[in-house]
Amino acid sequence: MGWRPTATLARAVGCATVALALALVAGRPALVVLAVPFAVHAALALTRRPTSSPTGRARWRAESVAEGQATWLDLRLDGEAEDVTWVVRSSSQLDCEPQAVAASGPTSVRVGARRWGVREPAGVAYLATGGWGGFRVGPAPASPGRLRVLPAALAYDASAPLPHPLGLVGAHASHRTGAGLEYNQTRAFASGDRLRRINWRVSSRTPSLLVDTTLTEDDASVLLVVDLLTDVAGRPGNATSADLGVRATATLAGHHLALGDRVGVRVLASSSTTVRAGSGRRHLRRIQGVLAGSVPGSSERVAMPPLRTPPGTTIILLSPLLATALTDALGELLSHGRTLVVVDTLPPDARPPAAPGTDPELAALAWRMRALDRAEVVAALERVGVRVVPWRGPGSLDVVLRQLARGPR
Amino acid sequence: MIARGLVLLGIAGAAVASGAPLVGLLVCVVLGIAAGALPDSPAPAVATMAVLGAWAAWGHGLTSPLVVVGVTGLVVAHVAAHLASLGPPDLRVGRATLARWSARGVVLVALSAVVWGCLVLASHRTPSAAWVVGVLAALGAGAAALVAARQPGSS
């Protein structure tokens, strides 16, 4: 890719020549004055021809960004050039502003992320111009690579504890007595009890010493299984079932990790991915990264590697319950005897688009039949004791988890 | 979009300054519209040459100050066409680039005004010498520009 003359240089040379020729032919000295700026510009541009080819570099300022937020695409030209024009075209999921900018040095373009996933602009190209606009190189592509758009974690607050806290430290009241804040019972003093546990107010009214006991506060283990085998849209612009599933998974993971729980994630899609249980902020970033890289897609059979979850793990399946291939996965999840809760991520206004040329009445009838099948799956799950709750944001799981926590106690 | 408008404005201004009749003006304006729409094509060159043709056919004499108006219009159109040719219509030109090219336009107009002044002075004394001075001035300006361009650090 080499430097080539611009239309500006051709215009300057051509107009200077024509003006001087007309001045001589028509005998009009005024045309000599009109030729001067073009002649000077052409002379300066010809002497400023660059010798080496520049290279444009585009880099994301951040490796990842949460959906709904924005980052910057830094644009830089390495090499000899006076001005450089950058064109960064918005894609369906990335908004670039400005989309075309001419600058004489490094510049930046603001890129807003609309939807989670691995995204890139529709096109990034540069056009370098030499001194006095005489020569140019490009347009040449400059790929910045892909931007990982993390699913937005919604503001989520749940008051219900998880059913089987079995860890060592955490925020859930366990079934074991020990040092904690959750009141358990008042009983007679026994050897080994701490003196500060004595309830003096009650003991003063009884012949023996009584102590208050508390429940230990432990962490729990959660496995979030998100079904991206189908992606059903509602009204245009509204969240799809995959959007709801991924955002709900990120939200639940963030909530439980903030409580100190261990969280694992399994993504059921065209290529399934598993994140082993872990805790901490870095683990949340890992989960968000895996969710962002997931591509909704169907599969004949869901690859379901053996579950290696500790006893007491609560499994939360987030699914629109539409994929037929999900049956195997449900059987696998149920066979482990773990507590299973299904979060229904089908949008309330879901109506899958009909193929072009399909009779709308026929499509509506097919969707009604599919909805009946789905209702049968929900009923079957509830018959085997699996609660199905729709995703409604904060507190969606409170009632179910509270009932499950109360059961074994 | 402003740069594209300035292309038309410069062409039209230079054509009006030439004193061309209405038909000539219309031709220049139509070509100016084409130049504004396609700044990275030969259209601006064709429009500029049409204005030069108008100056050759109907233009004022050397002593008229409208010569400076004409050269200003042509420089405005030339610089604006270059800035517009840097990218698509939604291009946002950086402040430094805009300032540099504005300064260059002013310098080119000033240089032309100096040449015009020299030619006018020379034509008052010895009209036959006007051509010699004019050509010498143009060559001198070109040579000075070349020398300035080769000096390191000059822009």
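Trainee: What makes β7(A) and β1(B) a strand pair?

Mentor: Two bridges join β7(A) to β1 (residues 92-93) of chain B, and the strands run parallel. Strands pair if DSSP finds at least two bridges between them, so these two qualify. Strands here are DSSP E runs of at least two residues, and helices are H or I runs of at least four, numbered from the N terminus. Ala102(A) stands opposite Val93(B).

Mentor: A word on the source. This is a predicted model: local features need pLDDT of at least 70, side-chain atom pairs need 80 or more, and totals for chains, interfaces and linings use all residues. Residues are numbered from 1 along each chain, chains are lettered from A in the order written, and side-chain values use heavy atoms, without hydrogens and water.

Trainee: Why is Asp90(B) with Arg89(A) called a salt bridge?

Mentor: The rule asks for a side-chain nitrogen of Lys or Arg within 4 Å of a carboxyl oxygen of Asp or Glu. Here the N to O value is 3.1 Å. It therefore counts. Across the interface of chains A and B the rule finds six salt bridges.

Trainee: How many residues are in contact?

Mentor: 47 of chain A with 54 of chain B. Contact means heavy atoms within 4.5 Å.

Trainee: What is the area buried between chain A and chain B?

Mentor: About 4300 Å², with 69% from carbon and sulfur atoms. That is the accessible area (1.4 Å probe) lost on putting the two together, summed over both.
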